[in-house]
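Please look over the sequence and the model below before reading on. The paragraphs that follow move from the whole chain to single residues.

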Amino acid sequence: MSDPLDFTGKLVLVIGGSGGIGNGIGQSFRKRGAEVHVTGTRPDAGDYLEAEDSEFTELSYHQLDVTDRDAVNALPDEVLEPDVLIQCQGLVRYERQEFAQKGWDEVVDVNLNSVMDVARVFHAALADKGGTMIVISSVAAFNAVIGNPAYAASKAGAASLVKTLGVAWARDGIRVNGIAPGLVPTKMTSVMTDHPERLEAMVSGIPMRRTGTPEDMAGAALFLASPLSSYMTGQTLVVDGGLTLS
């Protein structure tokens, strides 16, 4: 029997795959035979190697500002037709910046508007391939997040978009699902995870008593992109160690 998690011959594109969860997901697909392309905002992959815990072994890197619609529209010319599209772009603004119009707009543009922009430009390619799209949102989609109204609202919007596109695009042979990670130490969450007292308080509320890892999220992504989930669409898997249950 063939291995359902063998992605040899498949092309995978990870938007926001330069670090953290996206980079971990990209590496997991690469290890299972896929040709993997990732995007990031810096000019080249080397700019990330010292600044973040990223790995680009055998990954093709593309610079992309997801709020630049012309650049998003041009991306299919670089990446051609992916079998699997993973949207892992994300932005948060702390110190109550999201209550101001500028902070709100910046976060919503990255976390929600760009998700639809990217989905739109790759719709035809995914339909041609009978492909899958996976949107990485957050458990913040389902809870109040004090101090970050734009982040919470945009992630809730992304989770809702998964449902809507899951239904709308099923007729085109495209499966759309999502992942809502819990607390994973990344550059974005360092405001909590780099402070022992804050981290301890957060972990104490997680039934599994640990933070998540990019590899935990990659396991869910591999499942959602594989034939193992062939009868699933419009669903967002919560991968949080039980955080939202406590």
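**From the fold to single residues**

The protein has eight helices and seven strands, where helices (H or I, at least four residues) and strands (E, at least two) are DSSP runs numbered from the N terminus. This is a predicted model, in which local features need pLDDT of at least 70 and side-chain atom pairs count only at pLDDT 80 or more, while totals for chains, interfaces and linings use all residues. Residues are numbered from 1 along each chain as its sequence is written, and side-chain values use heavy atoms, with hydrogens and water left out.

For 246 residues, a compact globule would have a radius of gyration near 18 Å, and the 17 Å of the protein agrees with this; the radius is taken over C-alpha atoms, and the globule rule is 2.2 Å times the number of residues to the power 0.38. Along the principal axes, the C-alpha atoms fill a box of roughly 45 × 40 × 40 Å. Of the 246 residues, 49% count as buried, a class that means under 20% relative accessible area, with exposed over 50% and partly exposed in between (1.4 Å probe, protein chains only). Among contacts (heavy atoms within 4.5 Å) with a separation of 6 or more, 71% join residues 24 or more positions apart.

Asparagine 177 lies in strand E6 (residues 175–181) and counts as buried because its relative accessibility is 1%. Its side chain reaches the backbone oxygen of methionine 232 at 3.1 Å, and, when residues up to four places away in sequence are not counted, asparagine 177 touches residues including Met133, Ile134, Val135, Met232 and Thr233.

Methionine 116, by comparison, belongs to helix H4 (residues 101–129) and, at 24% relative accessibility, counts as partly exposed. Leaving aside neighbours within four places in sequence, methionine 116 is in contact with Leu161 and Leu165. Methionine 116 and threonine 186 are 70 residues apart in sequence, and their C-alpha atoms are 24 Å apart in space.

Most residues other than glycine have a negative phi. Leucine 80, in the loop between helix H3 (69–79) and strand E4 (84–87), has a positive phi near 65 degrees, and its 58% relative accessibility makes it exposed. Arginine 96 is placed in the loop between E4 and H4; its phi is also positive, near 60 degrees, and at 54% relative accessibility arginine 96 counts as exposed.

Key
Polar contact = N/O pair within 3.5 Å; in protein donor to acceptor, adjacent residues only side chain to side chain.
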